[in-house]
Amino acid sequence: DGPQRKKRKSEVGEVDKQLDILAIGTAVGSILLYSTVKGELQSKLDGGHDSRVNCVRWHQDNYCLYSCSDDKHIVEWNTQTCKVKCKWKGDNSSVTCLCISPDGKMLLSAGRTIKLWDLETKEVYRHFTGHATSVSSLMFTTVKPMNESKPFDGITGLYFLSGAIHDRLLSVWYIRSDRKEKNAVMSFTVTDEPTFVDLTVSEVKEEPVKLAVVCRDGQLHLFEHILNGYCKKPLTSNCTVQIATPGNDGDSTPKPVPILAAAFCTDKQSLLLVYGNSLQPIIEKVSLNTSESHICLVRDIQKVLSLKTDAALTKVKTPVVNSDTKVLVPGIPGHSTAVKTPALGKEKKKNKRKPGETEASIEERLGALDIDVSKVKTPGGLPQTDSFAVLLVQGLESNDAEILNKVLNTRKENIVKNTVARMPIHAVIPLLHELTKRLQGNPYSASVMVRWLKSVFTLHASYLSTLPDLIPQLGMLYQLMESRVKTLQKLSRLHGRLFILVTQVAASQTVQDVPEVNQTAKLVYEDDSSSSEGSDDEMIADKDSDENWDEDEEKEEQSDEQDMTVEKEINGDSDLEPENESEEE
C-alpha cells in the first residue's frame, strides 16, 4: 500500500485524465480507489467515516466523491488530495443511499425518510415521507420537467424513484415548487423485494420511462410508463421475464435459473441479463418482445460449480496417518464424520477398577469418553432443523415424494415453525399446493398437514396478502376446508347419538350378564323354650303395669277432690245444695 501511494503522488497529472477509477466503500469506514486499467489499488480515503460505508456516488466533476455511512453522516471527498472537503449529519439514523441530481447542484439522501440537499449551502431543500424500511435504491427518472412553460431551475418538476429493503413497492416522487406534498405520486408493484433496479431516463415529454426490476425470487419485471402526475393504484409490470433449464432426458422437469441483474443498453431497447450462479455468472444481451405479458427464456447452464485446483501448487500437506491414530473432523451434529469404530471381536473396557489393578491413565480415560457420532444421528437419518428448510425446498422443486414425506410427516411444533420461518418466500405457494394435495388424499394425514398450514399462514400472512392472484391460488384449499367444516356439525350430532346408543347397549349387556342372587335364607334357627318363657314374662309384666296404673289414677283423683274442697272452704264458696255436691262427687 505504501509504495503505491508514493507512485500516485508522482502521477497526479495522469490521474486528472483518468476516468477508470472504481470507488469501493468498506465495512470499516474507509474508501478504496481502484484503477481498473492498472489492476491495482491507487489510493485510500480515510478519516471520513467511523462505521460501515453504505453508498458511494461520483459527482459530474471527476475529482469529487460523495459517501454515506451507518454513522449518520454524509462526506464530500476530494479524490486528488484524498481528504475530506465537507462532512455533515444526514439523518437521525444511518444513511443508506445517495443520488446526485442531473445538473449536479442537488443531492438526494435516504435512510428511511428522503431528503433533498442543496450542495452549496448543505441545507435541506425538501423532505419526503420515504419508506418504512431502509431505502436501498435512489435514481432520477427525468432530466427535464414535463411542464415546459415555466422556467427550469434545475430541480423543480423532476421525478425520482426509490426502493427499500423488504418492500415490494417502488415509489415515484415529484419535486414541487412548494413544500406541501411530501407523499409519492405513483408506485410500481413487484412480486418480491427488489435487489437490482435500472431505468432509462426520460429526456422528452412524450418519452416513457422504462424500468427493469430484478427481484429476490429471480424474476425480472419490466415497466413502461409516461410520468404525468398522480396515479392512485400501484402499477403492475408490462412484462415478466424468467429463465429456466430445458429439462434433460434424465430430469424432464425444467428448473428455474435466477436472474441476478439486468441493465438497459444504450439503444434503450435491448437488455443485458446476468443470470446463473453468483460465482460464475452468465452475461447475455437479449432483445425482448415486451408485448407479451410473460416471457420464459430457456437456457442450458452448467448446474455444478466446479472449482479446479492445481495439486502441484497446493501448500496444504496431507499428514501420514497410521492405523492407531484417530482423526477428528469438524462437522455439524447429525452429519456423519469419519469416525473409526472399534472391532467387533474386542470387548469394551470397563471403567471400574478391580482390587489390585493399577489406575487407568489419562489417555485411557479420554478414550473412554469418545462419542460415536453414528449414535448422535436424529431418528430416521434426518438432519437438524437448520437443513429442514433446504430439504423442503429441494423436495418441492424436484417434486421428490420421499423427501417431502420425511419433512412433512414431522409432528414436532418447534421444528415445523423453524422450518417454515427459514424457507424462502418463493417456496410458500408451492408448499401450500403440496399441503392441499395431501389434505385431499388420506384424511388421517390432515392433523399433521394442518400444523404446517397454521405455521405458513401465521408466519407468511403479510406476503400472501400482497399476492394479486391469491384467490385462485388458495381457492382449492378454501373449498376443501369449507366442505370439511360444513360436515363437522352433522358428524358431531351423529357421533353424540351413536355414543348414547353404544353406551346403552353396553349397559344392557352388563345388566344381563350379572347372575341373579337367591335372596332366600339357607338356614333359619328358632329356639322354642326361650321364646315361650319370654312371652309369659311379658304378659305378667303387662298385667302388673296395668294394675299399678289404675291405682295411681284413683289416688290422684282423690287428692284432687280434697284440694278443691279445702279451697272452697277457705274462700267461703261451699255449696249449700246437696245436689251439686253429689254432682261434684
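Modeller: The structure holds seven aromatic pairs; rings of Phe, Tyr and Trp (its six-membered ring) pair if their centres lie within 6.5 Å. This is a predicted model, in which local features need pLDDT of at least 70 and side-chain atom pairs count only at pLDDT 80 or more, while totals for chains, interfaces and linings use all residues. Residues are numbered from 1 along each chain as its sequence is written, and side-chain values use heavy atoms, with hydrogens and water left out.

Biologist: What makes the pair of Phe128 and Phe160 edge-to-face?

Modeller: The centres are 5.2 Å apart and the planes stand at 80°. Planes under 30 degrees apart count as stacked, over 60 as edge-to-face and the rest as tilted, so the angle of 80° places this pair in the edge-to-face class.

Biologist: Why is the pair of Phe128 and Phe160 said to tie together parts that are apart in sequence?

Modeller: Phe128 lies in strand 11 (residues 123–128) and Phe160 in strand 13 (residues 159–164), so the pair links parts 32 residues apart in sequence. Strands here are DSSP runs (E, at least two residues), numbered from the N terminus.

Biologist: Why is the pair of Phe140 and Phe160 called tilted?

Modeller: The ring centres are 5.9 Å apart and the planes meet at 55°, so the pair is tilted. Phe140 belongs to strand 12 (residues 135–140) and Phe160 to strand 13, so this pair ties together parts 20 residues apart in sequence. Ring pairs link Phe128, Phe140, Phe160 and Trp173 into a cluster.

Biologist: Are Phe140 and Phe160 buried or exposed, and how do you know?

Modeller: Buried means under 20% relative accessible area, exposed over 50%, and partly exposed in between (1.4 Å probe, protein chains only). Phe140 has 7% and is therefore buried; Phe160, with 0%, is buried as well.

Biologist: Why does Thr141 count as buried?

Modeller: Its relative accessibility is 2%, so Thr141 counts as buried. Thr141 is placed in the loop between strand 12 and strand 13. Leaving aside residues up to four places away in sequence, Thr141 touches several residues, among them Tyr159, Phe160 and Leu227; contact means heavy atoms within 4.5 Å.

Biologist: How do you know that the charged end of Arg126 sits over the ring of Tyr125?

Modeller: The criterion is that NZ of Lys or CZ of Arg is within 6 Å of the ring centre and within 35 degrees of the ring normal. The charged end of Arg126 is 4.2 Å from the ring centre of Tyr125.

How values were computed
Helix = DSSP H or I, 4+ residues; strand = E, 2+ residues; numbered from the N terminus.
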